[in-house]
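Hi,

Here is the structure I promised to pass on. Have a look at it first, and then read my notes on the disulfides below.

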Amino acid sequence: MAAGPVARSPAPATAASPSAVPAPAWQWLRDAFDDADRGQLDVGAYPALIGHPGSPVRGWVRYAQLRHDLTTLSAAQAKAFLDDNADDPALQQTFRETWLGEVARRADWPAFRAAWVPSITATPLRCAELNARLATGAADAQWVSDAQSLWRSTGKSLPDACDAPFAALATRGGLTPALRWERIDKAAGEWNAGVMRAAAQGLPGADLALALEYAAGMDRLDDRALQWPLTPRSRWVASQALARLGKDDPDAAEALLPKFSRALGFEEADRGRVLYQVALWTVASYGPASARRLAAVPDSAYDARLHEWQVREAMARSDWPAALKAIQRMPDAQRQDSRWTYFEARLLELTGDKAGAQAAYRRAAREPQFHGFLAADRIGQPYALCPWLPQDSAADKAIVARDPALVRAMQLYRVDRKAWAEREWNDAIGRFDDTHRRLAVEVAQDNGWFDRAVFALGRNPDELRLYALRFPLHHDQAIRREAAKNRLDPAWMAAEIRAESVFNPDARSGANALGLMQVVPATAMSVAQRIGMPWTGADSLYDPDINIALGTAYMRQLLDKYGGQPYVAIAGYNAGPVPVQRWQSQRPGMDPDFWIETISYKETREYVARVLAFSTIYDWRLDGSAVPLDDRMRGVQGGKRKSFTCPLEAVAPK
């Protein structure tokens, strides 16, 4: 087994994908990039860099070399590179940003200004550009306006590169007390006492003292705040400080609120700001005071998030009338989402309104989503699915595939330079109309790049009905083999891969989960030992066959652990055993749909629903029909499979 990620097997070049490079080219191109990264590129060793098929990305290979030698690069060399690659905007912008960072480090401000373009939005570079103008005598009225705009843009911390231009702005009288207070107010909204203190420096004496008092109160609100002036700003800062406390210690915030509310004359918005956080961070753990605290939040402070939590809190207590009332409090747009339409139907049914429940189930069942599929199961209807199969010509696809930026994107992706590939991709699809963008997704899939369907489709609602693109089938034999070996549904395993990595075998998460099924190495090693499979280290998880074998075996292990209940196993796969044990102990015996909806982690709650819905769609893709979703999530086998139909009102899953 190789020490690094296993090379993908490239698709053969075809008329539909002329950007594909023949298989033997991939390793030498990887080697060329690796040599360039080390500063050891010998172009003579790679003659194809100056001819087909390597030439489309030769500029990127050169960029890798220049990046290694950046500290010794001259302004003339940088300009020459930019000029040489004028026909590649993505490469130009990538190099320009890198080069600007280097010349800012050198404080070579004339070179910085020569390379600057207004399209750059990175805040550190914007601040460096202010510095460049300042250092070269161009701090005119426009400079003042630009610096003030950046100052007031956020209440969060800004990079150190912004310190010098802001100091110069202050020296020139451009940081008025009003501007300083504007940033202090924004920083209070971000709960950022440090920015409040920094922005206060330069205020006149009494204002400075008050601003520092506000900052101290944001850190820890104590009785000194009772003497703050009775102004909207004092109410704003104090309520934000209590809201911050409400997230960390809801009990303490609730206890302190009346005292500060009376002393500072809180209005409803100020009280609501605090009560919102107190309620949210109580109900997120289903604390015993959840219902009372939710009821205490004024209607004006409710948003979609709190409406949802009010429903979940009542569901968690199996208080069906209260949960129904909470749904009926929602704004119409939120209430009409298939999730809440389905649960409204469930709650109407549980509270005795069968006719109302049937009507709501019919509305929810129009949508090919998790709750729409569940609604169809409740009323015995086929699943709603309306695939769109556009009749694009092979010639049109070939034209798209030959777009120079798309050619470069595909080659960069195939040699594991994904960030650069995405830059070229974005350049290409930014110029494409809907048809060409859709065809670009097909080209990407021809080259093994499957997540483009997730990120590039959806601007046009019909694109969500492109199920073949949005739900790819890859490594089909391995999925079927390992699913059969572990007595699991292959549609479920395909759905797991789609949810975890969108079929990227080289995927790696921030938690060091690797490969198609995002398996953590420690878990993989344990599973390999349990099933008697050789373990050759974490890098083996980049091999699709090994990853699918270990991920599927681990899912079997979880399914057995959780009594054959797939919905619990899916939650365990995402969140781990400790949270799942807590959720099971909190709500034993609860129906799966309610249990899933009351999972306290948003990521896991949505993950379970997504995997189950994806399983239904993959079942359709594999076999044309599907196991009923209600049976699937409960682990019930042997039921009659469901058919699919296309009602006129059906929409695509989100």
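Why is the disulfide of cysteine 386 and cysteine 646 called right-handed? The torsion about its S-S bond is about 110°, so this disulfide is right-handed.

Some ground rules before you go on. This is a predicted model, where local features need pLDDT of at least 70 and side-chain atom pairs count only at pLDDT 80 or more, while totals for chains, interfaces and linings use all residues. Residues are numbered from 1 along each chain as its sequence is written, and side-chain values use heavy atoms, with hydrogens and water left out.

A disulfide is a covalent bond between the sulfur atoms of two cysteines. Here, a pair of cysteine sulfur atoms within 2.5 Å counts as one, and that gives 2 disulfides.

Back to the pair above: the sulfur atoms of cysteine 386 and cysteine 646 are 1.9 Å apart. Cysteine 386 sits in the loop between β1 (383-384) and α22 (394-401) and cysteine 646 in the segment after β2 (644-645), so the pair ties together parts 260 residues apart in sequence. (Helices are DSSP runs of H or I, at least four residues, and strands are runs of E, at least two, numbered from the N terminus.) Cysteine 386 is buried at 7% relative accessibility, whereas cysteine 646 is partly exposed at 46%. Buried means under 20% relative accessible area, exposed over 50%, and partly exposed in between, with a 1.4 Å probe and protein chains only.

The other link joins cysteine 127 to cysteine 162, S to S 1.9 Å. Cysteine 127 is buried at 0%, and cysteine 162 is buried at 1%.

Cheers
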